[in-house]
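Okay, thanks for coming, everyone.

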Amino acid sequence: MITVFGSINLDLVVAVPRLPTAGETVSGPDHQTFPGGKGANQALAARRAGAGVRMVGAVGRDGFADLALASLRESGADLSGVRVMTGSTGLALIGIDPVGENQIIVASGTNDRVEASWLEGGLASGDTLMMQGEVPFQEASNAALRAGRAGASVFWNPAPVPEGDASALLELAAVVVVNESEAAAIARNLGIDGDPESFAEQLAGPGRAVVVTLGAEGVVARTGTDRYRFRSPEVDAVDSTGAGDAFCGAVAAALDRGETFGRAVKEGVAAGALACTVTGAQSSAPVREDIVRLADRIV
């Protein structure tokens, strides 16, 4: 079982001819709405990749809440851990250019008020706790401690990277997934080399695996003993918004059903590539059969 302690948003997406620079306005012809939030995105990605998933988070008492939870509810994910609170559901404003690159601004809303205490009694030995960086860092740290006491493993995707010292939570994580910019930011905070290969090598160790995603170049990954590098398969990309979350969800789902770490990373690479072919962070999350088929071709 995978429990996701994280954010739930509604995404407002605008396709633009190019991404704006600072102070610039760029217009698009229309907008679309999609369920989002990195926590909810990864929960849905793991669910579509075949895992049992429980979501723990918060939405507001507003017109966005049902829309934000629609895909998770349809997937059959357990939403008993989602609280409805006074305030606004999280909102993400996303611009996407013709090659699928994006810029994102997030209004956190009720995501800023989630509490690790909501996990009480919800974690067991052998479970996985998935977390990201869109809920308060102290609550994420407290959640990781609860997971440790319950015998559950921690899968941490620190996106966005928390301010300050993340070393304590890194020590508690069994799997850490970051992209290149997140690796560089964490490396600066820790005073270590931010080169992807070096970063993974320095932070991996007994009981901890580290993955650095490289976009179209694939991934580098390290465990305490093994090194992996997989290139991403070529796809016709239209939107990269959900690629990282699809990657994380697929890796967590594969590990949850007992796959080797190397195979789990291949399935993550396949899921991330497939997610780039569809618009929307959650609507783009691929199903297990498609993930497995493409992962079999990755060497």
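So, Tyr 228 and Phe 230 are both buried, where buried means under 20% relative accessible area, exposed over 50% and partly exposed in between, with a 1.4 Å probe and protein chains only. Before I go on: this is a predicted model, where local features need pLDDT of at least 70 and side-chain atom pairs count only at pLDDT 80 or more, while totals for chains, interfaces and linings use all residues. Numbering starts from 1 along each chain as its sequence is written, and side-chain values use heavy atoms, with hydrogens and water left out.

Back to the rings. Tyr 228 also makes an edge-to-face aromatic pair with Phe 261, 5.7 Å centre to centre and 65° between the planes. For the terms, rings of Phe, Tyr and Trp (its six-membered ring) pair if their centres lie within 6.5 Å; planes under 30 degrees apart are stacked, over 60 edge-to-face, the rest tilted. Tyr 228 sits in strand β13 (residues 227–230) and Phe 261 in helix α8 (residues 261–275), so this pair ties together parts 33 residues apart in sequence. Helices (H or I, at least four residues) and strands (E, at least two) are DSSP runs, numbered from the N terminus. Phe 261 is buried as well, and ring pairs link Tyr 228, Phe 230 and Phe 261 into a cluster.

Now the sheet. What order do the strands of the open sheet come in? There are 9 strands, running β5-β4-β1-β8-β9-β10-β11-β12-β13, with mixed pairing; two strands pair if DSSP finds at least two bridges between them. β5 (78–85) and β13 stand at the edges with a single partner strand each, so one side of each has no neighbour in the sheet. Further in, β8 (residues 128–131) and β9 (residues 153–156) pair in the parallel sense over 4 bridges, and Thr 128 has Ser 153 as its bridge partner in β9.

Last stop: Asp 11, in strand β2 (residues 9–15). Asp 11 is buried yet has no salt bridge, and the nearest side chain of opposite charge, Lys 38, is 9.6 Å away. A salt bridge here needs a side-chain nitrogen of Lys or Arg within 4 Å of a carboxyl oxygen of Asp or Glu; Lys and Arg count as positive, Asp and Glu as negative, and His and the chain ends are not counted. Leaving aside neighbours within four places in sequence, Asp 11 has contacts (heavy atoms within 4.5 Å) that include Phe 34, Ile 94 and Ala 281.
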